[in-house]
Amino acid sequence: MLELISVRVAWLGLGLVCAPAVMVAEVPVNLSTAKKAVLRYVDSGQYSKDLAVTADEASNWIAARAARLMDGEKLAVVLDIDETVLTNLPHMREMDFGYLPKMWDEWVEEGEASAIEAVRKVYEIALRYRVTVFFITGRKESDRPGTVMNLAAMKMGEYEQLICKPVGYTGTSGDYKTVARKQLEAEGWKIIANVGDQQSDLQGGFSEKTFKLVNPFYLID
């Protein structure tokens with residue numbers, strides 16, 4: 001009897017070993033939970049602190065690089081706008097982090113986004129060291145009036161050019177911004193710093209250094 005039981009156990013073990021593994025998909029974080037985590041991160045003040053760390057790095061680099069200006073160089077800094085120099089957090093909160101094009105266009109047209117103070121200091125450092133500022137934004141050309149008004153209201157109205165996404169453009173934001181920086185360098189500008197909150201703001205080269213700000217809200221290709 002013991003031998004029979006042993007054989008049955010052995011076969012049972014073999015069956016367990018040979019049974020195909022059942023793959024269980026990893027369940028993502030619940031969307032409501034994720035939104036609450038983002039708001040805790042922002043409301044705790046940690047978001048602002050993390051922004052300031054990167055902004056200070058950019059400011060220090062711009063000051064140091066401008067001090068090493070070589071004859072004939074035309075130094076420039078490229079800044080993104082949304083979640084870089086301007087915060088859209090009030091609008092995102094109102095929309096529960098959703099995106100409706102019509103509501104977004106109205107928000108931009110109102111021109112009431114506040115400055116991100118730490119990055120406005122980067123802008124001010126650039127001007128102080130006579131480094132020319134360019135804004136390259138994913139906002140559409142039709143967003144230009146509200147954007148110009150908003151930048152001026154936030155005391156960032158002194159810049160060489162505001163480059164908006166062309167009418168009818170269907171490519172990625174990363175490709176568009178790369179081409180824009182390439183064109184600036186072709187015009188003789190030496191881009192010493194490129195500051196943005198998305199990898200697509202920074203990819204593709206045509207900048208001596210890049211500075212990636214944290215953005216827990218959204219991703220753009």
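Which residues in H3 are buried? Keep that question in mind while we look at the whole chain. The model is predicted. The protein chain has nine helices and seven strands. Its radius of gyration is 25 Å, well over the 17 Å that the globule rule gives for 221 residues, so the chain is more spread out than a compact globule. The C-alpha trace spans about 95 × 40 × 40 Å along its principal axes. Buried residues make up 40% of the 221 residues.

Now to helix H3, residues 46–66. At 1.5 Å a residue, its 21 residues should span 30 Å, and the end C-alpha atoms are 30 Å apart, which agrees. The buried residues of H3 are Tyr 47, Leu 51, Thr 54, Ala 55, Ala 58, Ser 59, Trp 61, Ile 62, Ala 63, Arg 65 and Ala 66. An α-helix has 3.6 residues a turn, so residues three or four places apart point the same way. What covers the buried residues of H3 includes helices H2 (31–43) and H6 (117–128). Strands S1 (74–79), S6 (189–196) and S7 (210–212) are also among the cover.

Next, the core. In soluble globular proteins, nonpolar side chains tend to be buried together. Here the largest nonpolar core has 42 residues. Ile 62, Leu 79, Val 85 and Phe 135 have the most contacts inside it. H3 gives this core its largest share, seven residues. A second, separate core has ten residues, including Phe 134, Ile 136, Ile 163 and Trp 189.

Look at Phe 135 again. Leaving out residues up to four places away in sequence, Phe 135 touches Leu 79 and Val 85, among others. Its contacts also include Tyr 123, Leu 151 and Ile 163.

Methods:
Residues are numbered from 1 along each chain as its sequence is written. This is a predicted model: local features need pLDDT of at least 70, side-chain atom pairs count only at pLDDT 80 or more; totals for chains, interfaces and linings use all residues. Side-chain values use heavy atoms; hydrogens and water are left out. Helices (H or I, at least four residues) and strands (E, at least two) are DSSP runs, numbered from the N terminus. The expected span of a helix is 1.5 Å times one less than its number of residues. Buried means under 20% relative accessible area, exposed over 50%, partly exposed in between (1.4 Å probe, protein chains only). Contact means heavy atoms within 4.5 Å. A nonpolar core is a set of buried Ala, Val, Leu, Ile, Met, Phe, Trp, Tyr and Cys residues joined through side-chain atoms within 4.5 Å. The radius of gyration is taken over C-alpha atoms; the globule rule is 2.2 Å times the number of residues to the power 0.38.
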